Amino acid sequence: MRQALFGRFKARVRISAWRIGVAVALQAGCLGLALVLGGAPALAQTLASLPAPTQTLDRTGSARPVAAWSNFCERYPAECAIDVSEPAVLTLTPEVWRAIMSVNRGVNKRIKPMTDLKHWGVIDKWDFPDDGYGDCEDYQLLKRKLLVEHGLSRRAMRMTVVIDEQGEGHAVLMVRTDRGDFILDNKRMSVLPWQQTGYVFVKREGHDSLAWVSLNGVTSPTVTANR
């Protein structure tokens, strides 16, 4: 996904992307696995520890879904269905945290980065990387699928569009928990609170309907080095 999302933006600038009614073409931020961003040391993460409680990131209104997401939902309707009987927020136990970290690391190591144009022959396509190749959203879709198989609530794991540290469009998986919102990312092995990613948060899937919700271009104040 090498086109800029809504053009090229600097991640440090607050972005009014929620006002722009154009199709989202996520390209440029998707392929950098294990990118070192600099700044404070990465969170020390072990399989035995839980992260410290942190803030949630609340929606601010409605947003238009990514066009390629809508196409994905037509092909995989069960992956997009909203089951309101499922919790919208996970209780973050040590077992759940271990599963989240293990799946994030496992998929990042297993899948090799490749643009949609080279992989699928189109500018933007969301799909499972069954052949071992994909870009950012493909990594995250697979992570969610595997975590659902571990028994986690799909409704609490939301595909999310951000602007990355290069000012490019990027897709991550936001896991909403009772200890805050955490980000699974193909650029990092660590699972970070959203505030420590250095990203600008544009929009994500809703948890009450198929409609997406705006995150109002909230900027993460901290850039945390990868580990």
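## Disulfide

In this predicted model, cysteine 73 and cysteine 80 are both buried, and the two residues are joined to each other by a disulfide with an S to S distance of 2.1 Å. The link between cysteine 73 and cysteine 80 is left-handed, with -90° about the S-S bond, and a search of the whole structure finds one disulfide.

## Sheet

Seven strands form an open sheet with antiparallel pairing, and their order across the sheet is S1-S9-S8-S4-S5-S6-S7. Strand S1 (61-63) and strand S7 (192-193) are the edge strands, each of which pairs on one side only.

Within this sheet, strand S5, which covers residues 169-177, pairs with strand S6, which covers residues 180-184, in the antiparallel sense and over five bridges. Threonine 177 has glycine 180, in S6, as its bridge partner. In general, the strands of a sheet pair through backbone hydrogen bonds, in either a parallel or an antiparallel arrangement.

## Helix packing

Helix H3 (residues 94-110) and helix H5 (residues 136-149) have axes that come within 10 Å and cross at roughly 140°. Angles over 145 degrees count as roughly antiparallel, and those of 65 to 115 degrees as roughly perpendicular; H3 and H5 are therefore oblique to each other.

The crossing in which H3 passes H5 is right-handed. On the H3 side, the contact is made by Ala99, Ile100, Val103, Asn104, Val107, Asn108 and Arg110, while H5 contributes Tyr139, Leu142, Lys143, Leu146 and Leu147.

Technical notes. Residues are numbered from 1 along each chain as its sequence is written. This is a predicted model: local features need pLDDT of at least 70, side-chain atom pairs count only at pLDDT 80 or more; totals for chains, interfaces and linings use all residues. Side-chain values use heavy atoms; hydrogens and water are left out. A disulfide is a pair of cysteine sulfur atoms within 2.5 Å. Buried means under 20% relative accessible area, exposed over 50%, partly exposed in between (1.4 Å probe, protein chains only). Two strands pair if DSSP finds at least two bridges between them. Helices (H or I, at least four residues) and strands (E, at least two) are DSSP runs, numbered from the N terminus. Axes are lines fitted to C-alpha atoms, for helices over the stretch in contact, and angles run from 0 to 180 degrees between N-to-C directions. Angles under 35 degrees count as roughly parallel, over 145 as roughly antiparallel, 65 to 115 as roughly perpendicular and the rest as oblique. A crossing is left-handed if the near helix is turned anticlockwise from the far one by less than a right angle, and right-handed if clockwise. Contact means heavy atoms within 4.5 Å.
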